[in-house]
2 protein chains.
Amino acid sequence: MPQPVLKKIVVFGVGLIGGSFALALRRAEAVGEVVGFGRSTATLEQAQQLGIIDRIGADVAAEVRDADIVLLATPVGQMAELMARIAPHLGSHTLVTDGGSTKGDVVAAVRANMCDKVAQFVPAHPIAGAEKSGAAAAMADLYVGKKVVLTPLPENSTESVVRIRRAWELCGAVVSELTAEQHDAVFAAVSHLPHLLSFALVHDLAQRDDRDLLLSFAASGFRDFTRIAASSPEMWRDICLANRDALLDELGRYQQELETLHVALAEADADKLEQVFSEARKVRSNWRAE
Amino acid sequence: MPQPVLKKIVVFGVGLIGGSFALALRRAEAVGEVVGFGRSTATLEQAQQLGIIDRIGADVAAEVRDADIVLLATPVGQMAELMARIAPHLGSHTLVTDGGSTKGDVVAAVRANMCDKVAQFVPAHPIAGAEKSGAAAAMADLYVGKKVVLTPLPENSTESVVRIRRAWELCGAVVSELTAEQHDAVFAAVSHLPHLLSFALVHDLAQRDDRDLLLSFAASGFRDFTRIAASSPEMWRDICLANRDALLDELGRYQQELETLHVALAEADADKLEQVFSEARKVRSNWRAE
(Lines give C-alpha, C1' and ligand atoms only; values in the text may rest on other atoms or scores of the structure.)
Protein backbone atom coordinates (compact mmCIF):
# COMPACT_ATOMS: atom_id res chain seq x y z
CA MET A 1 0.00 0.00 0.00
CA PRO A 2 1.36 3.42 -0.95
CA GLN A 3 1.36 6.05 1.80
CA PRO A 4 -1.35 8.70 1.36
CA VAL A 5 -0.03 12.15 0.41
CA LEU A 6 -1.50 13.57 3.61
CA LYS A 7 -1.25 11.56 6.80
CA LYS A 8 -3.74 13.70 8.67
CA ILE A 9 -5.96 16.70 8.08
CA VAL A 10 -7.98 18.70 10.59
CA VAL A 11 -11.20 20.38 9.44
CA PHE A 12 -12.91 23.16 11.40
CA GLY A 13 -16.50 23.23 10.16
CA VAL A 14 -17.64 19.97 8.59
CA GLY A 15 -20.43 21.39 6.40
CA LEU A 16 -20.63 21.70 2.63
CA ILE A 17 -17.17 23.25 2.11
CA GLY A 18 -15.18 21.40 4.78
CA GLY A 19 -17.04 18.10 4.48
CA SER A 20 -16.64 18.02 0.72
CA PHE A 21 -12.90 18.75 1.03
CA ALA A 22 -12.54 15.74 3.34
CA LEU A 23 -14.69 13.44 1.19
CA ALA A 24 -12.83 14.43 -1.97
CA LEU A 25 -9.41 13.72 -0.43
CA ARG A 26 -10.69 10.40 0.87
CA ARG A 27 -11.99 9.42 -2.54
CA ALA A 28 -8.59 10.29 -4.02
CA GLU A 29 -7.03 8.05 -1.34
CA ALA A 30 -4.92 11.07 -0.49
CA VAL A 31 -5.55 11.29 3.24
CA GLY A 32 -4.89 8.92 6.14
CA GLU A 33 -6.98 10.44 8.88
CA VAL A 34 -9.57 13.22 9.09
CA VAL A 35 -10.29 14.94 12.41
CA GLY A 36 -13.24 17.31 12.70
CA PHE A 37 -14.00 20.23 14.99
CA GLY A 38 -17.15 22.33 15.08
CA ARG A 39 -19.59 24.16 17.29
CA SER A 40 -22.39 21.62 16.95
CA THR A 41 -21.88 18.15 18.42
CA ALA A 42 -24.86 16.88 16.43
CA THR A 43 -23.28 18.00 13.16
CA LEU A 44 -19.94 16.43 14.08
CA GLU A 45 -21.63 13.13 14.95
CA GLN A 46 -23.53 13.24 11.68
CA ALA A 47 -20.26 13.89 9.81
CA GLN A 48 -18.70 10.90 11.51
CA GLN A 49 -21.67 8.68 10.61
CA LEU A 50 -21.50 9.87 7.00
CA GLY A 51 -17.82 8.92 6.82
CA ILE A 52 -16.68 12.50 6.37
CA ILE A 53 -14.43 12.46 9.43
CA ASP A 54 -12.73 9.62 11.30
CA ARG A 55 -12.80 11.28 14.70
CA ILE A 56 -14.34 14.23 16.50
CA GLY A 57 -11.47 16.28 17.85
CA ALA A 58 -11.28 17.06 21.55
CA ASP A 59 -7.96 18.85 22.03
CA VAL A 60 -7.19 21.51 19.43
CA ALA A 61 -3.57 21.90 20.52
CA ALA A 62 -2.82 18.19 20.24
CA GLU A 63 -4.61 17.70 16.90
CA VAL A 64 -3.07 20.58 14.94
CA ARG A 65 0.49 19.70 16.05
CA ASP A 66 0.94 16.77 13.66
CA ALA A 67 -1.58 17.65 10.96
CA ASP A 68 -0.42 18.11 7.36
CA ILE A 69 -3.23 20.54 6.59
CA VAL A 70 -5.73 22.42 8.75
CA LEU A 71 -8.77 23.74 6.86
CA LEU A 72 -10.83 26.58 8.31
CA ALA A 73 -14.27 26.08 6.77
CA THR A 74 -16.34 28.08 9.22
CA PRO A 75 -18.01 31.43 8.51
CA VAL A 76 -15.25 34.02 8.05
CA GLY A 77 -16.39 35.83 11.20
CA GLN A 78 -15.31 32.87 13.34
CA MET A 79 -11.88 32.45 11.77
CA ALA A 80 -9.92 35.08 13.74
CA GLU A 81 -10.64 33.34 17.02
CA LEU A 82 -9.71 29.96 15.55
CA MET A 83 -6.43 31.33 14.20
CA ALA A 84 -5.50 32.61 17.65
CA ARG A 85 -6.31 29.20 19.15
CA ILE A 86 -4.34 27.12 16.66
CA ALA A 87 -1.32 29.36 15.95
CA PRO A 88 0.70 28.55 19.12
CA HIS A 89 0.32 24.81 18.53
CA LEU A 90 0.91 24.37 14.78
CA GLY A 91 3.64 21.90 13.86
CA SER A 92 6.43 23.29 11.72
CA HIS A 93 5.24 21.12 8.81
CA THR A 94 1.54 22.03 9.24
CA LEU A 95 -0.12 24.33 6.70
CA VAL A 96 -3.44 26.14 7.15
CA THR A 97 -5.89 27.10 4.40
CA ASP A 98 -9.48 28.34 4.43
CA GLY A 99 -12.69 28.34 2.44
CA GLY A 100 -13.77 31.94 2.91
CA SER A 101 -15.37 33.80 0.00
CA THR A 102 -13.67 37.11 0.80
CA LYS A 103 -9.91 37.32 1.18
CA GLY A 104 -8.82 40.79 2.32
CA ASP A 105 -10.50 40.27 5.69
CA VAL A 106 -9.07 36.75 6.06
CA VAL A 107 -5.57 38.05 5.33
CA ALA A 108 -6.03 40.83 7.91
CA ALA A 109 -7.12 38.24 10.46
CA VAL A 110 -4.10 36.08 9.63
CA ARG A 111 -1.76 39.00 10.24
CA ALA A 112 -3.49 39.88 13.50
CA ASN A 113 -3.83 36.37 14.92
CA MET A 114 -1.34 33.92 13.45
CA CYS A 115 1.63 35.46 15.31
CA ASP A 116 4.87 33.98 13.96
CA LYS A 117 2.99 31.41 11.83
CA VAL A 118 1.75 33.77 9.11
CA ALA A 119 3.92 31.99 6.54
CA GLN A 120 2.04 28.73 7.18
CA PHE A 121 -1.34 30.14 6.14
CA VAL A 122 -2.19 29.95 2.42
CA PRO A 123 -5.63 31.62 1.91
CA ALA A 124 -8.06 30.01 -0.55
CA HIS A 125 -11.54 30.55 -1.97
CA PRO A 126 -13.24 27.52 -3.49
CA ILE A 127 -15.89 28.74 -5.98
CA ALA A 128 -18.43 26.07 -5.29
CA GLY A 129 -21.51 27.74 -3.95
CA ALA A 130 -24.55 25.56 -3.68
CA GLU A 131 -28.02 26.18 -2.32
CA LYS A 132 -27.57 23.48 0.30
CA SER A 133 -25.43 23.58 3.39
CA GLY A 134 -24.50 21.29 6.29
CA ALA A 135 -22.69 17.99 6.54
CA ALA A 136 -25.47 16.12 4.75
CA ALA A 137 -24.89 18.31 1.68
CA ALA A 138 -21.16 17.47 1.47
CA MET A 139 -20.16 15.65 -1.73
CA ALA A 140 -16.91 14.02 -2.83
CA ASP A 141 -17.29 15.60 -6.28
CA LEU A 142 -18.29 19.13 -5.22
CA TYR A 143 -14.98 20.58 -6.40
CA VAL A 144 -14.53 18.58 -9.59
CA GLY A 145 -13.90 21.06 -12.40
CA LYS A 146 -14.63 24.00 -10.09
CA LYS A 147 -12.27 26.93 -9.60
CA VAL A 148 -10.30 27.48 -6.41
CA VAL A 149 -8.49 30.80 -6.07
CA LEU A 150 -5.40 30.94 -3.86
CA THR A 151 -4.29 34.37 -2.62
CA PRO A 152 -0.78 33.58 -1.34
CA LEU A 153 0.93 35.88 1.13
CA PRO A 154 4.43 37.26 0.49
CA GLU A 155 5.51 35.23 3.52
CA ASN A 156 4.37 31.90 2.03
CA SER A 157 7.17 29.73 0.69
CA THR A 158 6.79 28.39 -2.83
CA GLU A 159 6.67 24.90 -1.38
CA SER A 160 3.80 25.82 0.96
CA VAL A 161 1.75 27.26 -1.91
CA VAL A 162 2.46 24.17 -4.02
CA ARG A 163 1.33 21.84 -1.24
CA ILE A 164 -1.98 23.69 -0.75
CA ARG A 165 -2.49 23.90 -4.50
CA ARG A 166 -1.91 20.17 -4.75
CA ALA A 167 -4.47 19.41 -2.03
CA TRP A 168 -7.20 21.36 -3.85
CA GLU A 169 -6.18 19.74 -7.14
CA LEU A 170 -6.55 16.33 -5.53
CA CYS A 171 -10.19 17.39 -4.87
CA GLY A 172 -10.57 17.87 -8.62
CA ALA A 173 -10.42 21.67 -8.58
CA VAL A 174 -8.81 24.00 -11.12
CA VAL A 175 -6.53 26.21 -9.05
CA SER A 176 -5.48 29.75 -9.91
CA GLU A 177 -3.74 32.53 -8.00
CA LEU A 178 -4.60 36.19 -7.45
CA THR A 179 -3.57 38.72 -4.84
CA ALA A 180 -6.19 39.19 -2.11
CA GLU A 181 -6.92 42.67 -3.50
CA GLN A 182 -7.43 41.34 -7.04
CA HIS A 183 -9.62 38.56 -5.70
CA ASP A 184 -11.89 40.90 -3.78
CA ALA A 185 -12.19 43.33 -6.72
CA VAL A 186 -13.06 40.50 -9.12
CA PHE A 187 -15.69 38.95 -6.86
CA ALA A 188 -17.22 42.31 -5.99
CA ALA A 189 -17.88 42.73 -9.73
CA VAL A 190 -19.05 39.26 -10.77
CA SER A 191 -20.64 37.92 -7.59
CA HIS A 192 -21.21 40.38 -4.75
CA LEU A 193 -22.75 43.18 -6.83
CA PRO A 194 -25.16 40.84 -8.69
CA HIS A 195 -26.34 39.46 -5.34
CA LEU A 196 -26.91 42.97 -4.00
CA LEU A 197 -28.83 43.98 -7.15
CA SER A 198 -31.00 40.89 -7.05
CA PHE A 199 -31.85 41.37 -3.36
CA ALA A 200 -32.62 45.04 -4.13
CA LEU A 201 -35.09 44.22 -6.91
CA VAL A 202 -37.07 41.75 -4.84
CA HIS A 203 -36.98 44.04 -1.79
CA ASP A 204 -38.35 46.87 -3.93
CA LEU A 205 -41.29 44.67 -5.00
CA ALA A 206 -41.75 43.28 -1.49
CA GLN A 207 -42.61 46.75 -0.17
CA ARG A 208 -45.65 47.19 -2.39
CA ASP A 209 -49.34 46.71 -1.72
CA ASP A 210 -49.82 45.06 -5.11
CA ARG A 211 -46.83 42.72 -4.82
CA ASP A 212 -48.97 39.58 -5.15
CA LEU A 213 -50.40 40.84 -8.44
CA LEU A 214 -46.91 41.73 -9.69
CA LEU A 215 -45.39 38.41 -8.69
CA SER A 216 -48.26 36.45 -10.23
CA PHE A 217 -47.12 37.67 -13.66
CA ALA A 218 -43.40 37.19 -13.11
CA ALA A 219 -41.96 34.57 -15.47
CA SER A 220 -38.69 32.84 -16.29
CA GLY A 221 -36.61 36.01 -16.75
CA PHE A 222 -37.55 37.15 -13.25
CA ARG A 223 -37.02 33.65 -11.88
CA ASP A 224 -33.40 33.50 -13.06
CA PHE A 225 -32.56 37.13 -12.27
CA THR A 226 -33.77 36.73 -8.68
CA ARG A 227 -32.63 33.19 -7.89
CA ILE A 228 -29.71 34.55 -5.86
CA ALA A 229 -32.11 36.73 -3.82
CA ALA A 230 -33.06 33.52 -2.00
CA SER A 231 -29.48 33.28 -0.62
CA SER A 232 -28.67 33.48 3.08
CA PRO A 233 -29.20 37.06 4.36
CA GLU A 234 -26.67 36.60 7.18
CA MET A 235 -23.96 35.24 4.89
CA TRP A 236 -24.46 38.01 2.33
CA ARG A 237 -24.60 40.72 4.98
CA ASP A 238 -21.19 39.48 6.14
CA ILE A 239 -19.74 39.23 2.63
CA CYS A 240 -20.93 42.74 1.74
CA LEU A 241 -19.39 44.19 4.89
CA ALA A 242 -16.18 42.16 4.55
CA ASN A 243 -15.70 43.39 0.98
CA ARG A 244 -17.20 46.81 1.55
CA ASP A 245 -14.65 49.02 -0.22
CA ALA A 246 -14.54 47.03 -3.44
CA LEU A 247 -18.30 46.57 -3.42
CA LEU A 248 -18.90 50.31 -2.91
CA ASP A 249 -16.70 50.98 -5.95
CA GLU A 250 -18.69 48.52 -8.04
CA LEU A 251 -22.04 49.76 -6.80
CA GLY A 252 -21.13 53.38 -7.53
CA ARG A 253 -20.03 52.42 -11.03
CA TYR A 254 -23.27 50.55 -11.63
CA GLN A 255 -25.34 53.49 -10.36
CA GLN A 256 -23.62 55.67 -12.98
CA GLU A 257 -24.41 53.06 -15.64
CA LEU A 258 -28.09 53.13 -14.62
CA GLU A 259 -28.14 56.93 -14.69
CA THR A 260 -26.80 56.84 -18.25
CA LEU A 261 -29.57 54.41 -19.20
CA HIS A 262 -32.15 56.55 -17.39
CA VAL A 263 -31.15 59.55 -19.50
CA ALA A 264 -31.15 57.51 -22.71
CA LEU A 265 -34.61 56.18 -21.93
CA ALA A 266 -35.99 59.59 -20.92
CA GLU A 267 -34.68 61.02 -24.20
CA ALA A 268 -36.02 58.01 -26.17
CA ASP A 269 -32.48 57.50 -27.47
CA ALA A 270 -33.04 54.29 -29.42
CA ASP A 271 -29.48 54.13 -30.76
CA LYS A 272 -27.94 54.39 -27.30
CA LEU A 273 -30.22 51.71 -25.85
CA GLU A 274 -29.54 49.34 -28.72
CA GLN A 275 -25.78 49.95 -28.46
CA VAL A 276 -25.73 49.14 -24.73
CA PHE A 277 -27.91 46.04 -25.17
CA SER A 278 -25.88 44.84 -28.17
CA GLU A 279 -22.53 45.15 -26.43
CA ALA A 280 -23.93 43.34 -23.40
CA ARG A 281 -25.43 40.58 -25.51
CA LYS A 282 -22.21 40.05 -27.42
CA VAL A 283 -20.14 39.65 -24.27
CA ARG A 284 -22.74 37.49 -22.51
CA SER A 285 -23.23 35.22 -25.54
CA ASN A 286 -19.48 34.64 -25.87
CA TRP A 287 -19.04 33.90 -22.18
CA ARG A 288 -18.90 30.25 -21.24
CA ALA A 289 -20.12 29.38 -17.79
CA GLU A 290 -18.25 26.88 -15.66
CA MET B 1 -67.55 15.01 -37.68
CA PRO B 2 -68.23 17.99 -35.40
CA GLN B 3 -67.58 21.42 -36.91
CA PRO B 4 -64.40 23.06 -35.57
CA VAL B 5 -65.01 26.07 -33.30
CA LEU B 6 -63.12 28.28 -35.76
CA LYS B 7 -63.67 27.78 -39.48
CA LYS B 8 -60.73 29.92 -40.47
CA ILE B 9 -57.95 31.92 -38.84
CA VAL B 10 -55.45 34.28 -40.45
CA VAL B 11 -52.01 34.68 -38.90
CA PHE B 12 -49.68 37.57 -39.68
CA GLY B 13 -46.20 36.43 -38.67
CA VAL B 14 -45.82 32.66 -38.55
CA GLY B 15 -42.90 32.50 -36.09
CA LEU B 16 -42.80 31.27 -32.51
CA ILE B 17 -45.89 33.15 -31.29
CA GLY B 18 -48.08 32.96 -34.38
CA GLY B 19 -46.97 29.51 -35.46
CA SER B 20 -47.53 28.04 -32.02
CA PHE B 21 -51.03 29.58 -31.87
CA ALA B 22 -51.90 27.86 -35.15
CA LEU B 23 -50.36 24.52 -34.17
CA ALA B 24 -52.11 24.57 -30.77
CA LEU B 25 -55.54 25.22 -32.32
CA ARG B 26 -54.94 22.47 -34.88
CA ARG B 27 -53.98 20.00 -32.19
CA ALA B 28 -57.20 20.91 -30.33
CA GLU B 29 -59.09 20.25 -33.60
CA ALA B 30 -60.47 23.74 -33.11
CA VAL B 31 -59.67 25.26 -36.49
CA GLY B 32 -60.69 24.40 -40.05
CA GLU B 33 -58.22 26.40 -42.09
CA VAL B 34 -55.10 28.45 -41.28
CA VAL B 35 -53.90 31.14 -43.69
CA GLY B 36 -50.51 32.77 -43.16
CA PHE B 37 -49.07 36.11 -44.15
CA GLY B 38 -45.56 37.37 -43.57
CA ARG B 39 -42.72 39.39 -44.99
CA SER B 40 -40.52 36.41 -45.79
CA THR B 41 -41.66 33.98 -48.48
CA ALA B 42 -39.11 31.45 -47.28
CA THR B 43 -40.56 31.50 -43.76
CA LEU B 44 -44.10 31.13 -45.09
CA GLU B 45 -43.09 28.16 -47.23
CA GLN B 46 -41.34 26.60 -44.27
CA ALA B 47 -44.47 27.12 -42.15
CA GLN B 48 -46.55 25.42 -44.81
CA GLN B 49 -44.16 22.46 -44.99
CA LEU B 50 -44.22 22.16 -41.19
CA GLY B 51 -48.02 22.00 -41.23
CA ILE B 52 -48.41 25.28 -39.37
CA ILE B 53 -50.50 26.89 -42.12
CA ASP B 54 -52.66 25.42 -44.87
CA ARG B 55 -52.12 28.22 -47.34
CA ILE B 56 -49.93 31.25 -47.91
CA GLY B 57 -52.25 34.22 -48.22
CA ALA B 58 -52.12 36.40 -51.33
CA ASP B 59 -54.99 38.86 -50.92
CA VAL B 60 -55.31 40.39 -47.45
CA ALA B 61 -58.72 41.92 -48.17
CA ALA B 62 -60.22 38.62 -49.29
CA GLU B 63 -58.70 36.53 -46.49
CA VAL B 64 -59.70 38.66 -43.51
CA ARG B 65 -63.30 39.04 -44.72
CA ASP B 66 -64.47 35.57 -43.67
CA ALA B 67 -61.90 34.79 -40.92
CA ASP B 68 -63.09 34.03 -37.40
CA ILE B 69 -59.88 35.35 -35.87
CA VAL B 70 -56.96 37.36 -37.22
CA LEU B 71 -53.78 37.19 -35.10
CA LEU B 72 -51.13 39.88 -35.42
CA ALA B 73 -47.94 38.12 -34.34
CA THR B 74 -45.39 40.45 -35.91
CA PRO B 75 -43.10 42.83 -34.00
CA VAL B 76 -45.28 45.55 -32.45
CA GLY B 77 -43.67 48.16 -34.71
CA GLN B 78 -45.23 46.56 -37.79
CA MET B 79 -48.75 46.29 -36.36
CA ALA B 80 -50.05 49.81 -37.06
CA GLU B 81 -49.58 49.38 -40.79
CA LEU B 82 -51.25 45.96 -40.73
CA MET B 83 -54.22 47.34 -38.80
CA ALA B 84 -54.74 50.03 -41.43
CA ARG B 85 -54.58 47.38 -44.16
CA ILE B 86 -57.04 44.94 -42.63
CA ALA B 87 -59.56 47.30 -40.96
CA PRO B 88 -61.57 48.21 -44.09
CA HIS B 89 -62.01 44.55 -45.02
CA LEU B 90 -62.82 42.79 -41.74
CA GLY B 91 -66.01 40.79 -41.73
CA SER B 92 -68.57 41.78 -39.10
CA HIS B 93 -67.94 38.46 -37.31
CA THR B 94 -64.14 38.69 -37.51
CA LEU B 95 -62.13 39.43 -34.36
CA VAL B 96 -58.50 40.55 -34.21
CA THR B 97 -56.02 39.84 -31.42
CA ASP B 98 -52.26 40.24 -31.11
CA GLY B 99 -49.19 38.80 -29.41
CA GLY B 100 -47.37 42.01 -28.48
CA SER B 101 -45.53 42.17 -25.15
CA THR B 102 -46.50 45.83 -24.51
CA LYS B 103 -50.11 46.92 -24.62
CA GLY B 104 -50.42 50.72 -24.28
CA ASP B 105 -48.75 51.20 -27.64
CA VAL B 106 -50.85 48.49 -29.31
CA VAL B 107 -54.04 50.09 -27.96
CA ALA B 108 -52.91 53.50 -29.28
CA ALA B 109 -52.26 51.94 -32.69
CA VAL B 110 -55.69 50.29 -32.63
CA ARG B 111 -57.38 53.63 -31.95
CA ALA B 112 -55.35 55.35 -34.70
CA ASN B 113 -55.69 52.67 -37.38
CA MET B 114 -58.70 50.41 -36.88
CA CYS B 115 -61.22 53.13 -37.87
CA ASP B 116 -64.75 51.94 -37.07
CA LYS B 117 -63.52 48.41 -36.18
CA VAL B 118 -61.92 49.21 -32.80
CA ALA B 119 -64.52 47.07 -31.03
CA GLN B 120 -63.34 44.02 -32.99
CA PHE B 121 -59.76 44.16 -31.63
CA VAL B 122 -59.11 42.38 -28.31
CA PRO B 123 -55.43 42.97 -27.34
CA ALA B 124 -53.49 40.07 -25.83
CA HIS B 125 -50.03 39.30 -24.44
CA PRO B 126 -49.06 35.63 -24.31
CA ILE B 127 -46.33 35.20 -21.64
CA ALA B 128 -44.38 32.56 -23.44
CA GLY B 129 -40.97 33.92 -24.14
CA ALA B 130 -38.43 31.46 -25.38
CA GLU B 131 -34.87 31.82 -26.51
CA LYS B 132 -35.74 30.53 -29.97
CA SER B 133 -37.69 32.27 -32.70
CA GLY B 134 -38.94 31.54 -36.20
CA ALA B 135 -41.39 29.02 -37.66
CA ALA B 136 -39.14 26.08 -36.85
CA ALA B 137 -39.38 26.98 -33.15
CA ALA B 138 -43.19 26.90 -33.12
CA MET B 139 -44.69 24.23 -30.86
CA ALA B 140 -48.24 23.02 -30.33
CA ASP B 141 -47.69 23.03 -26.57
CA LEU B 142 -45.93 26.39 -26.20
CA TYR B 143 -48.93 27.91 -24.41
CA VAL B 144 -49.90 24.97 -22.24
CA GLY B 145 -50.11 26.22 -18.66
CA LYS B 146 -48.70 29.62 -19.68
CA LYS B 147 -50.38 32.92 -18.87
CA VAL B 148 -52.06 35.06 -21.51
CA VAL B 149 -53.13 38.54 -20.45
CA LEU B 150 -56.03 40.17 -22.30
CA THR B 151 -56.37 43.95 -22.05
CA PRO B 152 -59.90 44.46 -23.37
CA LEU B 153 -61.02 47.84 -24.68
CA PRO B 154 -64.18 49.55 -23.40
CA GLU B 155 -65.54 49.13 -26.94
CA ASN B 156 -65.16 45.30 -26.92
CA SER B 157 -68.41 43.41 -26.41
CA THR B 158 -68.46 40.76 -23.71
CA GLU B 159 -68.98 38.17 -26.41
CA SER B 160 -65.88 39.31 -28.32
CA VAL B 161 -63.71 39.08 -25.22
CA VAL B 162 -65.13 35.63 -24.44
CA ARG B 163 -64.37 34.40 -27.97
CA ILE B 164 -60.74 35.57 -27.83
CA ARG B 165 -60.35 34.19 -24.31
CA ARG B 166 -61.71 30.86 -25.51
CA ALA B 167 -59.25 30.73 -28.43
CA TRP B 168 -56.24 31.19 -26.11
CA GLU B 169 -57.72 28.68 -23.66
CA LEU B 170 -57.99 26.17 -26.51
CA CYS B 171 -54.21 26.63 -26.86
CA GLY B 172 -53.87 25.52 -23.23
CA ALA B 173 -53.25 28.99 -21.78
CA VAL B 174 -54.43 30.39 -18.46
CA VAL B 175 -56.12 33.66 -19.42
CA SER B 176 -56.47 36.71 -17.20
CA GLU B 177 -57.51 40.31 -17.79
CA LEU B 178 -55.88 43.62 -16.90
CA THR B 179 -56.27 47.13 -18.27
CA ALA B 180 -53.50 48.07 -20.71
CA GLU B 181 -52.14 50.51 -18.10
CA GLN B 182 -52.07 47.82 -15.39
CA HIS B 183 -50.43 45.40 -17.81
CA ASP B 184 -47.65 47.80 -18.74
CA ALA B 185 -46.98 48.76 -15.11
CA VAL B 186 -46.82 45.10 -14.04
CA PHE B 187 -44.45 44.06 -16.83
CA ALA B 188 -42.24 47.11 -16.37
CA ALA B 189 -41.66 45.88 -12.80
CA VAL B 190 -41.27 42.13 -13.24
CA SER B 191 -39.85 41.84 -16.76
CA HIS B 192 -38.67 45.04 -18.44
CA LEU B 193 -36.69 46.43 -15.48
CA PRO B 194 -34.87 43.12 -14.79
CA HIS B 195 -33.86 42.95 -18.46
CA LEU B 196 -32.54 46.52 -18.33
CA LEU B 197 -30.59 45.80 -15.13
CA SER B 198 -29.08 42.63 -16.52
CA PHE B 199 -28.00 44.33 -19.76
CA ALA B 200 -26.53 47.17 -17.65
CA LEU B 201 -24.40 44.85 -15.51
CA VAL B 202 -22.88 43.03 -18.47
CA HIS B 203 -22.38 46.30 -20.38
CA ASP B 204 -20.55 47.73 -17.36
CA LEU B 205 -18.17 44.74 -17.36
CA ALA B 206 -17.85 44.77 -21.15
CA GLN B 207 -16.25 48.23 -21.06
CA ARG B 208 -13.27 47.14 -18.95
CA ASP B 209 -9.74 46.25 -19.91
CA ASP B 210 -9.76 43.33 -17.46
CA ARG B 211 -13.13 41.94 -18.52
CA ASP B 212 -11.69 38.57 -19.53
CA LEU B 213 -10.18 38.12 -16.08
CA LEU B 214 -13.45 39.14 -14.44
CA LEU B 215 -15.58 36.86 -16.59
CA SER B 216 -13.23 33.91 -16.06
CA PHE B 217 -14.23 33.90 -12.37
CA ALA B 218 -17.96 34.43 -12.91
CA ALA B 219 -19.99 31.46 -11.72
CA SER B 220 -23.57 30.24 -11.48
CA GLY B 221 -24.99 33.33 -9.73
CA PHE B 222 -23.68 35.53 -12.55
CA ARG B 223 -24.87 33.02 -15.14
CA ASP B 224 -28.48 33.16 -13.98
CA PHE B 225 -28.53 36.90 -13.25
CA THR B 226 -27.28 37.70 -16.76
CA ARG B 227 -29.08 35.05 -18.82
CA ILE B 228 -31.57 37.66 -20.04
CA ALA B 229 -28.71 39.93 -21.16
CA ALA B 230 -28.36 37.56 -24.13
CA SER B 231 -31.83 38.60 -25.34
CA SER B 232 -32.43 40.39 -28.63
CA PRO B 233 -31.13 44.00 -28.45
CA GLU B 234 -33.59 45.20 -31.10
CA MET B 235 -36.61 43.63 -29.41
CA TRP B 236 -35.68 45.03 -26.00
CA ARG B 237 -34.89 48.47 -27.38
CA ASP B 238 -38.43 48.50 -28.80
CA ILE B 239 -40.04 47.19 -25.60
CA CYS B 240 -38.20 49.76 -23.46
CA LEU B 241 -39.29 52.60 -25.72
CA ALA B 242 -42.85 51.30 -26.07
CA ASN B 243 -43.22 51.10 -22.29
CA ARG B 244 -41.04 54.10 -21.54
CA ASP B 245 -43.16 55.90 -18.94
CA ALA B 246 -43.81 52.86 -16.76
CA LEU B 247 -40.21 51.72 -17.11
CA LEU B 248 -38.85 55.15 -16.14
CA ASP B 249 -41.00 55.00 -12.99
CA GLU B 250 -39.63 51.57 -12.12
CA LEU B 251 -36.05 52.50 -12.91
CA GLY B 252 -36.24 55.65 -10.78
CA ARG B 253 -37.67 53.66 -7.90
CA TYR B 254 -34.91 51.08 -8.22
CA GLN B 255 -32.23 53.79 -8.32
CA GLN B 256 -33.57 55.07 -4.98
CA GLU B 257 -33.43 51.55 -3.58
CA LEU B 258 -29.78 51.27 -4.65
CA GLU B 259 -28.96 54.64 -3.11
CA THR B 260 -30.44 53.43 0.18
CA LEU B 261 -28.26 50.33 0.01
CA HIS B 262 -25.23 52.43 -0.94
CA VAL B 263 -25.69 54.51 2.21
CA ALA B 264 -26.24 51.41 4.37
CA LEU B 265 -23.08 49.83 3.00
CA ALA B 266 -21.02 53.02 3.34
CA GLU B 267 -22.14 53.27 6.96
CA ALA B 268 -21.51 49.55 7.54
CA ASP B 269 -25.13 49.30 8.70
CA ALA B 270 -25.31 45.54 9.22
CA ASP B 271 -28.89 45.59 10.52
CA LYS B 272 -30.20 47.48 7.52
CA LEU B 273 -28.45 45.18 5.05
CA GLU B 274 -29.71 42.07 6.78
CA GLN B 275 -33.24 43.48 6.94
CA VAL B 276 -33.31 44.22 3.19
CA PHE B 277 -31.82 40.83 2.29
CA SER B 278 -34.17 38.98 4.68
CA GLU B 279 -37.31 40.62 3.32
CA ALA B 280 -36.20 39.89 -0.23
CA ARG B 281 -35.37 36.30 0.57
CA LYS B 282 -38.71 35.72 2.27
CA VAL B 283 -40.69 37.02 -0.72
CA ARG B 284 -38.51 35.23 -3.26
CA SER B 285 -38.61 31.91 -1.41
CA ASN B 286 -42.41 32.01 -1.18
CA TRP B 287 -42.83 32.87 -4.85
CA ARG B 288 -43.66 29.99 -7.13
CA ALA B 289 -42.50 30.34 -10.69
CA GLU B 290 -44.76 29.40 -13.58
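Domain bounds here come from an automatic or database domain assignment. This is a predicted model, in which local features need pLDDT of at least 70, side-chain atom pairs count only at pLDDT 80 or more, and totals for chains, interfaces and linings use all residues. Residues are numbered from 1 along each chain as its sequence is written, and chains are lettered from A in the order in which they are written.

**View 1. Chain A splits into domain 1 (6–178) and domain 2 (182–286).** Their centres, taken over C-alpha atoms, sit 32 Å apart. Where they touch, domain 1 of chain A puts in 12 residues and domain 2 of chain A eight (contact: C-beta atoms, placed from the backbone, within 7 Å).

**View 2. Helix α12 of chain A (residues 270–286) meets helix α10 of chain B (residues 233–242).** Helices are DSSP runs (H or I, at least four residues), numbered from the N terminus. The two axes come within 9 Å and cross at roughly 140 degrees; axes are lines fitted to C-alpha atoms over the stretch in contact, and angles run from 0 to 180 degrees between N-to-C directions. Among the residues making the contact are A:Phe277 and A:Arg281 from α12(A), plus B:Trp236 and B:Leu241 from α10(B).

Key:
Contact = placed C-beta atoms within 7 Å. Helix = DSSP H or I, 4+ residues; strand = E, 2+ residues; numbered from the N terminus.
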